[in-house]
Each structure stands twice: as structure tokens, then as C-alpha cells.
Amino acid sequence: MSITLALVVGGLTSVGVYLITSRSLTRMLLGFALLGHAAVLALLAAGGEAGERPISGDAPVAELSDPLPQAFALTAIVISFGLTLFLLALARRQAQLTGDDLVEDDLEDRRIAIETEAEGDDA
Amino acid sequence: MTSLIGLLIVVPMLAAAVGFVAGERQWVRDILTVVSLAGATAIAGVLLAHVESEGTVVLRVGDWDPELGIVLVVDLMAALVLLVAMATILVVQLFAIGQRRTAWGADPQLSGPLLLVLTSGVVLALLTGDLFTLFVAFELILVSSYVLLTHQGRRGQIRSGMTYVAMNLFASTLFLVGLAVVYASTGTVNLALLAERIPELDDPLRWGIGLWFLVVFGTKAAIFPLFSWLPDSYPTAPTTITAVFAGLLTKVGVYVLIRFHVLTGMDDLGPLILTLAGLTMVIGVAGALAQDDVKRILSFHIISQIGYMLMGLGLFTLAGIAGAIVFLVHHIPVKTVLFLVGGLIEEREGTSALDKIGGLAQRQPLLAVLFALPALSLAGIPPFSGFVAKLALVDAGIEKVVVPIVVIALANSVLTLVSMVKIWTGVFWGSGDDESATPIRILRPGHRLMVGATAVALVASLAIAASFGPLWDLGERAAADLIDSSVYIEAVVS
């Protein structure tokens, strides 16, 4: 695995994770896109040294790139494409409901926490 | 026999595709979903009988070499869980058809076909013989579950849906990176080959892979401390959806965790898994005690019950893993029935908040029975299936002399019972004349189908208790096949 690739995967991951911790769904979406890229690059790196084109059959087997991780990467890209669309739809719906795309607090949890505290004060 | 395996995945998919374009013709969708699910259940039954007598069945898709291609493997553990899973989805779909007529359920144009997509995802996850197909199967399950959870577009659903999607999407990305690490260090993603190669890796790398996938599968299985998405999102979904999620989704996570970690010989992680199991049990039941809504209490119970299955895995003994498998089989129908009853309560009373309901035992004795039996089973009261399943696990724990986890498991049983009593007193006892109680709705014809489906699931879970002897033998054989990975390896590679 080349050092450049490793650094890029690391950089994408850290920026992606940072964005995901945000409350805004749009930022989370960008974060997931970056994380997805990091994962795809990691998969490519797992295939080892780049070589000649596989499958077309114009180079000896020993010189070929490993096609399997590339197939994985392609599948993963397609899936993350679909999920990005879904997240966008979710953000849109949240914007319709509340005017922004922030993740809200769980009201039920809050209510129970407040009740428990109140009970503690009584005792 | 091998072509049957393919049908299990293809048929629900095709039926879903037709269902999506059926538009207003509801009867087409109903017939398609019920027939394809009934077919899947029948196939699962045939496969179980075949595997039980003839041994593991393997389907090589496109006849590729297992190192390159996709293999689907039906061993005893897969066949057992498959049959229970298919039967459960069928029952829930019948309930959904009944519920639609009463206008409280999920959007029928979407939920039926999506449930079928989820079904083929579950089948694929249970049967797949390689990690990458497992990733795809998880995505199939998750994508359909995202949509099922949020398609009504209510505020609470969108809010909790965000947590659910974010957590699971993150776990999926970790899964991909984990795949890259596994492929780079072993040159394969086939489980049988991994079962050979991972034990040969250096300790740090091996433990790293084991821990990494513990996090990935643990998020799906909702183990401590990765469970936060579950009690938040499940109660907001329509009943039928929650019932399927509760019965199956987390269990698929546990199933895969057991399969991967036992096959690749991660025994060294045993103490860590046991610790997590104990924490999962305690935190889950503590959460259930604090809640005052039927669906939320039941959601927290899912978590505490996951702890038991994890305990069986953490022991890494034959009895422990057999116990975990049997617990899994017992848990799926019981949990589904409880959520369906929760749905019936909601349907009748217009809410599932404990302080707004009361006196249902008097007005609805049948509903009370439908709730009481699985609730006692979940708490582990004899002679129900929960008792024997827990007994098996506790027995396995004592055998390996791991006292703390046994104590926690027993104490947890009592606490589960306490929180069930809480639902019982809140919903079924009392006069029910509180001023806040809503007037009883006029029930439409679908109601009978809903109660019928719930009763069928209950009978199935009682049947599991009645036939526990043979079930335990099957569980033990399945566990033995898993621990001695050579059985699996031989079936796939040769």
C-alpha cells in the first residue's frame, strides 16, 4: 500500500468522521460521502500493486491487477450512491417539517429524564 | 436442492418488483406477498429437513470457484434460523394485511413489497458464505428498513430515522474498511477460507479483525454501547414494521456475529464479549424499567435479550453456542408476538402510553392472554420457551464457571419480569375509566386477521417450548458444526 494512498484514506476518514458528528443532516451527508470514498480507496489498496488490465486477457496473469477488490469497490459505490439520495430525501423532509435539517432531541427521553429527576427531589 | 436456495432469494425480489408497480390493485400485492412468503417458509422447512438428514447444502452461484465467486451455504444453524425467520415474516405480513383495513398501519403500497426486499436481504445474510455478499445483504436489509421506518414522514419518524440511518451507515462504512483489511491480510473474503487463514494470522492482526467486526456486527445487533439507535427508532415505526425489526434485524446481527467469530476461532475475545453481554443485559433492562410506554419498554427488552445471546457466544463452549442458537430461535417469535400485541393495544386504545390505558383484561381477555404468555416466556418463567433457553445458557455458564455473568443473567430475568408486570398493571388491570382514556374504536373486519396472526405466532412460540428436546439436539449439532470449522470448510471448498 503506497504511503500516499494511506494518507489520503486517513485524511478522508478524519474529515468524514468530523462532519458526521455534526447535527446538520447536510453535513452528515457530506461526511458519509467522504467516508465512503475512504472505504473504497482502502478496498483498492487491499488489492495490492496496480498492474495490467485484468480479464481482457492481453497480459500474463502475474502482471494483472487484482480485479476482485475493484468489483467490491464498484458495488460499494453504487450502494453509497443510493444511500446519498435517501439521506437527501430525509434532509428535505426534515426541512419541510421544521425549516432546517438539524437532528432534534428525543422528547420522550427528555420527559422521562425530567420526571426521574423530579421524583429524586421528592424522595 | 441447491436450486431451492436460489429461489429463496429471487422469488421475494421478483414479487417485490411486481408489487411496486401494481399500483392500486391491492389484491395483487396481497396475494404476491403472502404466496411468496408462504413459499419461502415451505422451502425453508424442506431445507431444514434435508440439511438435518443429509448435511450442509452449498450453492455456488454461476459455478465459480469459491475463492472468487459467491457461495450460499445452508448448514444446520442457517436452516434453523431461516425457517423461524420466514415463518415470522409471513405472520407479520398477515397481520399487516388485517391492519391496513383499519387504517392504522403502514402504507400498503410500499410496506408489502419492501418487506419482501427485506426478506431476501435476511435470507442472503443468513445463507451467504462470504463477507462481501454479507455486506450487500446488510445493505439490502438496511435500505429497506430505512424506508419502512420513515416512509410515513411523521416528525418523530424522521427524527429517530436520522439516528438510525447515521449509526447504521457508519457501521456499514466500517464494514467496508474491515473487508479491505481482511482481504489485504488473507487474500479472500470467503468465510470458509477465512476460517482456515485467520487463525494463522499474527495475534495483534487477528484480534484487530475480531474487534473490528465485533463493532460492525455489534452495531447491527444493538449490543452495549452501540444500541442507542434502537429504543429511539423502533417505537416510532408502524407496528408491523417494528414487529419485524424487533424479531429479526438485531437477531441477524447476532447470528452473523456468532457465525464469524466462532468460525474464525476468536476464543480470546470471550471475556470481553462476556463483559459486554452483562452490560447489555443490565442497561437494556434498566432502560425498560424507566419507560412508561408499551412499545418503548419492549424495545429496551430487545437489548437486554441480546445480552443473553452474546453470553452464549462469549462462553465459546459447545453448550454456550448451542444455547445462543436456541435462544435466538426462541426469541424471534416471542418478541414478534409481544410487538404485535402492542400493536393491537394501540389499535384499540389509540395509544400505547401506560398511564392512558387500563382495565384491558376485563374488556379484552383474549388480548390479555396473548400478552401474558409471551411476556412470561420472555421473562423466563417455566414452562415457556424462555425458561428452557435461559436455563441452557445458565447451565453453560456454570459449566465453564463464569459466576458473574450467571448471576447477572438470573437477576436480569427478575428485572424483566418486573417491567412486564409494569405493562400488565398499566394496561390490563384497573378500571380503565380514567378521564384521559379514549373511547373504544369500532373495529373493522381486519381486526380478526390481526388477532389470528398474533395467535398463530404465539402458538408457534409455545410449540418451540413443547419441542425443546429435539430443538436442543439440533442446536447442539449446529454449534458442533460451527466450532469444528472443518465441517463448514469441507462443505464449501471441496
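This is a predicted model: local features need pLDDT of at least 70, side-chain atom pairs count only at pLDDT 80 or more; totals for chains, interfaces and linings use all residues.
Residues are numbered from 1 along each chain as its sequence is written, and chains are lettered from A and ligands numbered from 1 in the order in which they are written. Local features need pLDDT of at least 70 and side-chain atom pairs count only at pLDDT 80 or more, whereas totals for chains, interfaces and linings use all residues, and side-chain values use heavy atoms, with hydrogens and water left out.

**View 1. The side of chain A that touches chain B.** Contact (heavy atoms within 4.5 Å) joins 38 residues of chain A to 35 residues of chain B. The buried area, that is, the accessible area (1.4 Å probe) that the two parts lose on being put together, summed over both, is about 3100 Å², with 76% given by carbon and sulfur atoms. In chain A, the residues that lose the most area to chain B are A:Phe72, A:Leu83 and A:Phe86, together 17% of what that side buries.

**View 2. Helices and residue classes on the side of chain A that touches chain B.** At least two residues each are supplied by α1 (3–20), α2 (25–46), α3 (67–98) and α4 (107–122) of chain A, helices being DSSP runs (H or I, at least four residues) numbered from the N terminus. The largest share, 14 residues, comes from α3(A). By class, this side has 23 nonpolar (Ala, Val, Leu, Ile, Met, Phe, Trp, Tyr, Cys and Pro), ten charged (Asp, Glu, Lys and Arg) and five polar residues (the others, Gly among them).

**View 3. The second largest cavity.** A cavity is a set of points, on a 1 Å grid over the protein atoms alone, where a 1.4 Å probe fits but cannot get out, and lining residues have an atom within 4 Å of a point. About 90 Å³ of space lies in this cavity, a volume being the space filled by probe spheres set on the points, which are joined across faces, edges and corners. Its lining includes B:Phe138, B:Tyr164, B:Lys220 and B:Trp229, and α5 (131–150), α6 (155–186) and α10 (239–263) of chain B each supply at least two lining residues.

**View 4. The second largest pocket.** This pocket, an open set with protein on both sides within 12 Å along at least five of seven lines, has a volume of about 510 Å³. Of its 22 lining residues, A:Leu68, A:Ala71, B:Leu68, B:Gly69 and B:Ile70 are the closest to its centre. α3(A) gives the most to the lining, with five residues.
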